Amino acid sequence: MSLRYAYNTNGLTSHRLDDAVALLADCGYDGVSLTLDVAHHDPYAPDLAGRTRRLAGRLDTLGLASVVETGARFLLDPRRKHHPTLVSPDAEDRLRRRGFLRLCVDVAVGLGSEAVSFWAGVPEPGVDRDRCWHWLVDGVRDVVGYADRHGVTCALEPEPGMVVDDCDDWARLAAEVTGLTLALDTGHCLVSGRYEPAAAVRAFAARLGAVAVEDMPRGRHEHRAPGEGDMDFTAVLAALTEIEYSGLVSLELSRDAHRADTLVPAALAALRRAEPRPGASAKLKAGMR
């Protein structure tokens, strides 16, 4: 089984979306991780349904599958990064986040996307974590229920420092929300430290709804290109191959838009080199600066 790779558009913000997806197709990617944002398929701009139909046609022509990502920094509030969240203290703020996630589901329906990936949020100072957990469960149930009615897979991504910080936190949430899948960013495993990346792939194989891979220095939440951190890519890709993971495997390199022209093809080449083969090295050394 061949793994299928995608690239997150948050690392292509210097490109128009049409140019970005053409670049991915020309370089040999199988799909796009589409971060809905002010520059790329803004869900609050006019004629969302029409624009989604046109984008679906474009992706179909290029042979690209898709996953919808929801990590835009200032889409909902131009003055506060990632605000509001599902654990914001104000109920109206939480409803705004839910509404955005429902829009993302609508886009996923229109594109025929494999999943919608989202996250919990960071508790605000002084707010009780038990209250945050209650708000989170309530919000995630709403979003997953909406997605389920529309035939869309919802995958929640553990993020270092958030209410759902690692895979064990996700498992606790999934026990309370039927139908929730895991958006596993293997780089985050190097930060949280409870699971090695390949071990997380195997432990949660049956519940994976989306997967991201990128390099990361152990203990630091810094998304880096393959070969620039401590990720054992061969082990991770071997685990994904072993469990016969058929979804897109995405790269998220949001700080590297300035070098996307060279990084987009180089990153894919590095992943292909790291795919398990007899006698392959256990550690990727790509050196892609």
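Let's start at helix 2, where Leu48, Gly50, Arg51, Thr52, Leu55, Ala56 and Leu59 are buried (under 20% relative accessible area with a 1.4 Å probe, protein chains only; exposed is over 50%, partly exposed in between). Their cover includes helix 1 (17-27), strand 2 (31-35), strand 3 (65-69) and helix 3 (91-111). Helices here are DSSP runs of H or I with at least four residues, strands are runs of E with at least two, and both are numbered from the N terminus.

A quick word on what you're looking at: this is a predicted model, where local features need pLDDT of at least 70 and side-chain atom pairs count only at pLDDT 80 or more, while totals for chains, interfaces and linings use all residues. Residues are numbered from 1 along each chain, and side-chain values use heavy atoms, without hydrogens and water.

Just past the end of helix 2, Gly63 has a positive phi of about 75 degrees.

Now for the strands. Eight of them close into a barrel, paired parallel in the order 1-2-3-4-5-6-7-8; two strands pair if DSSP finds at least two bridges between them. As an example, take strand 6 (residues 181-185) and strand 7 (residues 208-212), which are joined by four bridges. Leu182 has Leu208 of strand 7 as its bridge partner.

Note on methods:
Contact = heavy atoms within 4.5 Å.
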